[in-house]
Amino acid sequence: MPAFTLTLPSLSPTMNSGNLTEWKVAEGAFIESGQVIASIGTDKSTVDYESLDEGYLKKIILPAGSDAEVGKIIAILTEEEGEEWETFMQEQLDAEAAAAAPVEEEVSAEDGDAPKAVTKAAPAAAGPVIAAYVPTVDPPKEVAGAIGAVDNNKKFKASGKARKIAEQRDINLAAVEPKTTGSRIVAEDLANLPDGYGKTFADRSTGLVGYVNRAKESFQDVPLTQMRKAITDRMITACSGVPAFYITVAVEMDKLQDVRAQLNSMEGTRVSVNDFMVKACALALRKHPECNAAYQGDVIRQFNDVDISVAVAIPDGLITPIVRSADTKGLTAIGKDVKQLVGKARTNTLSPDEYQGGSFTISNLGMFGAVDSFSAILNPPQAAILAVAGTSKILKMVDGAVKEVSVCKLNLTADHRVIDGALAAEFMNSLKQLIEAPAQLLL
């Protein structure tokens, strides 16, 4: 695998930029999947950032204390220690700089208009931006050329350039005073006017007529990929055609974290929290086979194999590669499977049998510290999906003393045509017992 980038993640729904408060790893260090590598200040709080990938940290691009927009490159990693990365880094930084650079446009003079000037157009937005339309009874007094009521039948003279600009910016020339020449509207008269100047609106409830000073619309239409179309169809089916219900359970994570730390201290062993979750779900499903099922219209299909689908975010959307027979595999084998499947998913090299099928899905957003709890949408025709949130600290009374414990909220979304509430509760109770006594996952 070639070198790859780490970018500043979005750690809250309203986060557009953040401050990389602290790097918790140094250049040259090996980063494990799920390891906390930095602290990032969001618009809500400062949270720990857990890496989704593993590899050698070759170069820190964004130093501690720096602000950056979401998606900006913050570091360069390689999978192997000796891989070349400098050329890749320069290519990525050049591409990022080119995408952010303004585009220069030359505006020529015409018919006595304003002299030749250069304007800078902002780069296209990364997604749709909703334009704001602000109606006012009178035009803003601070705007040059603002006048009273508009006579749309008024005759006026205007240069060809002024007419072209007015058409592009939706300006009503009947509302513009020719202040530059005194008799003929030229481009300079439009320079300080807002887009949509002089246009009217009708308030049907009051009959009021006034001005609309319209912010320039800025958006781009992104065509749906085949994957996004498939996701759309499946999510509509899951949300509108399935009677789903939800159960949330808080599980203590301290013992699991201790066992994980012991395993990862062994040479050649690396397991993530997600690997424990896959194994625990597989064993709980083996105990409750009615949950290891899918709705098939006229029958409920109970699977003999426990095949766990793991939700993986990729540039085009989301895909769920499958850890086959997860109940029969050890934690390290599950970890290797997940790592291989995630790598294939991100390089678009998964074979159909690696992502089609599955009997149960796990969606893990625990690496995003701001996610305290969430509900996942079913992965049809599977009967259930588990949402794994982040781990937080709480105070608990233990043997008469207050103790700090780590807690993670797990939310089960279940298809009520297959799974009843009591069965879902039993499954979640078994899952909780396995996670809080993780030695069982090593057997």
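**Close-up views of a predicted model**

**View 1. Asp337 and Lys329 meet through their side chains in a salt bridge, at 2.5 Å from N to O.** A salt bridge here is a side-chain nitrogen of Lys or Arg within 4 Å of a carboxyl oxygen of Asp or Glu. Lys329 counts as partly exposed because its relative accessibility is 23%; buried means under 20% relative accessible area, exposed over 50%, and partly exposed in between, with a 1.4 Å probe and protein chains only. The model is predicted, so that local features need pLDDT of at least 70 and side-chain atom pairs count only at pLDDT 80 or more, while totals for chains, interfaces and linings use all residues. Residues are numbered from 1 along each chain as its sequence is written, and side-chain values use heavy atoms, with hydrogens and water left out.

**View 2. A salt bridge joins Lys396 and Glu252, whose closest N and O atoms are 2.3 Å apart.** Because Lys396 lies in strand S22 (residues 384-398) and Glu252 in strand S14 (residues 244-252), the pair ties together parts that are 144 residues apart in sequence. Strands (E, at least two residues) and helices (H or I, at least four) are DSSP runs, numbered from the N terminus. Lys396 is partly exposed at 34% relative accessibility, and Glu252 is partly exposed with a relative accessible area of 25%.

**View 3. Asp415 and Arg417 form a salt bridge through their side chains, at 2.8 Å from N to O.** Asp415 is buried, with a relative accessible area of 1%, whereas Arg417 is partly exposed at 32%. The structure holds 11 salt bridges.

**View 4. An open sheet is formed by four strands in the order S1-S8-S6-S3, with antiparallel pairing.** Strand S1 (4-7) and strand S3 (30-31) stand at the edges, and each has a single partner strand, so one side of each is left without a neighbour in the sheet. Strands pair if DSSP finds at least two bridges between them. Strand S6 (residues 55-60) and strand S8 (residues 73-78) pair in the antiparallel sense over four bridges, and Lys59 stands opposite Ile76 in S8.

**View 5. A patch of negative charge on the surface gathers Glu84, Glu86, Glu91 and Asp94.** Such a patch is made of residues with over 30% relative accessible area and no salt bridge, with like charges joined within 9 Å; Asp and Glu count as negative, and the place of a charge is taken as CG of Asp or CD of Glu. Accessible areas come from the Shrake-Rupley method with a 1.4 Å probe. Glu86 has its place in helix H1 (residues 86-100) and counts as partly exposed at 41% relative accessibility.

How values were computed
Patch = residues over 30% accessible without salt bridge, like charges linked within 9 Å, V, L, I, M, F, W, Y side chains within 5 Å.
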